[in-house]
Amino acid sequence: GLGSAELALLSSKEHGGEGAHVYGDTEGELVAHLFGEMRPAVGIAAEEDVVICDLGSGNGKLLLQLALLTPARRLAGVELSATRHAQATAALAQAAERQVLSPARARSIELSCGSMLDHAALCEGTQCFCYSLALDTPFMEVLEAHLARTLPMGALVLLRGKRFPGGTWAEPGTGASRRGMQPVLETRIVNRMHQFYGYRIADAGAAPPDGAAEAAAELRLLELEQRSAPLAAATSREFVRSFFAPTEPDVHELPPLF
């Protein structure tokens, strides 16, 4: 588990508020699927040009799954907990050592320890994921404005658990357009822990891209099994069994890594 000092840091107001130390496992297959649903509607370039940012990357489970499931050229995770970051670093090193990931693929994964508000990779990120369920509203407002200001225009943001408050448009500089979060996807799930919200970094005055309305249509989690690549999905599940102990499916304290 995490020590009291680390728990206090993770739950401080500047890092998400009380309860922000809690996180939940999210399957890489589902994240890849939902980003895939969003990409055609907003005209994102080929998957090989994708840079994935995981805000609150924990023990690295999601990011390493995405490295197996997608051809993204760069995958960058940031985690405030030094304990969880150390576990993610160890998992990445062992994945390379066991040849679960090729040397080149392992080098495409970057793990850093710090605040998601200071994540250097955001300036290049084209797909950004955050497990937002336990983050409080004031922090979500700050995060929304920060991502709108920092991510490239057209980048996609996927949240699990809690939507952005909305109405926040960042002012990136004199003479620049006003940027903000344009909703392009929302799942319809009864359990809020499984609810996903997708956004595109957009100009406040721009018209929605063609297909955005269709991207916001109802999605079902059952589609995942029908649309995932079976071989890649099986490889990802085997990797998870090899590196991470079984955990509860949703919110939990950090499990043992091996």
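## Packing and local contacts

Both Phe-164 and Tyr-199 are buried, where buried means under 20% relative accessible area, exposed over 50% and partly exposed in between (1.4 Å probe, protein chains only). The model is predicted: local features need pLDDT of at least 70, side-chain atom pairs count only at pLDDT 80 or more, and totals for chains, interfaces and linings use all residues. Residues are numbered from 1 along each chain as its sequence is written, and side-chain values use heavy atoms, with hydrogens and water left out.

The count of aromatic pairs is 1. Rings of Phe, Tyr and Trp (its six-membered ring) pair if their centres lie within 6.5 Å; planes under 30 degrees apart are stacked, over 60 edge-to-face and the rest tilted. Phe-164 and Tyr-199 make a tilted pair, with 5.1 Å centre to centre and 55 degrees between the planes. Phe-164 sits in the loop between β6 (156-160) and β7 (169-170) and Tyr-199 in strand β9 (residues 196-203), so the pair ties together parts 35 residues apart in sequence. Helices (H or I, at least four residues) and strands (E, at least two) are DSSP runs, numbered from the N terminus.

A nonpolar core is a set of buried Ala, Val, Leu, Ile, Met, Phe, Trp, Tyr and Cys residues joined through side-chain atoms within 4.5 Å. The largest one has 28 residues, of which Leu-75, Leu-101, Ile-109, Phe-129 and Leu-158 touch the most other members. Two or more residues of this core come from each of α2 (28-42), α3 (61-69), α4 (82-97), β5 (127-131), β6 and β8 (179-186). A second, separate core of 24 residues includes Phe-139, Met-140, Val-157 and Leu-159. Beyond its neighbours within four places in sequence, Leu-158 is in contact (heavy atoms within 4.5 Å) with residues including Val-31, Phe-35, Cys-128 and Tyr-197.

There are 0 disulfides, a disulfide being a pair of cysteine sulfur atoms within 2.5 Å.

| Cysteine | Nearest cysteine sulfur | Distance |
|---|---|---|
| Cys-53 | Cys-128 | 5.5 Å |
| Cys-123 | Cys-53 | 8.5 Å |

Cys-53 has 0% relative accessibility and counts as buried.

Ser-108 lies in the loop between α5 (103-107) and β4 (109-113). Ser-108 is also buried, at 10% relative accessibility. Its side chain reaches the backbone oxygen of Arg-105 at 2.6 Å. Leaving out residues up to four places away in sequence, Ser-108 touches Arg-73, Arg-74 and Leu-75.

How values were computed: A polar contact is a pair of N or O atoms within 3.5 Å; within protein, one must be able to donate a hydrogen and the other to accept it, and residues adjacent in sequence count only if both atoms are side-chain atoms.
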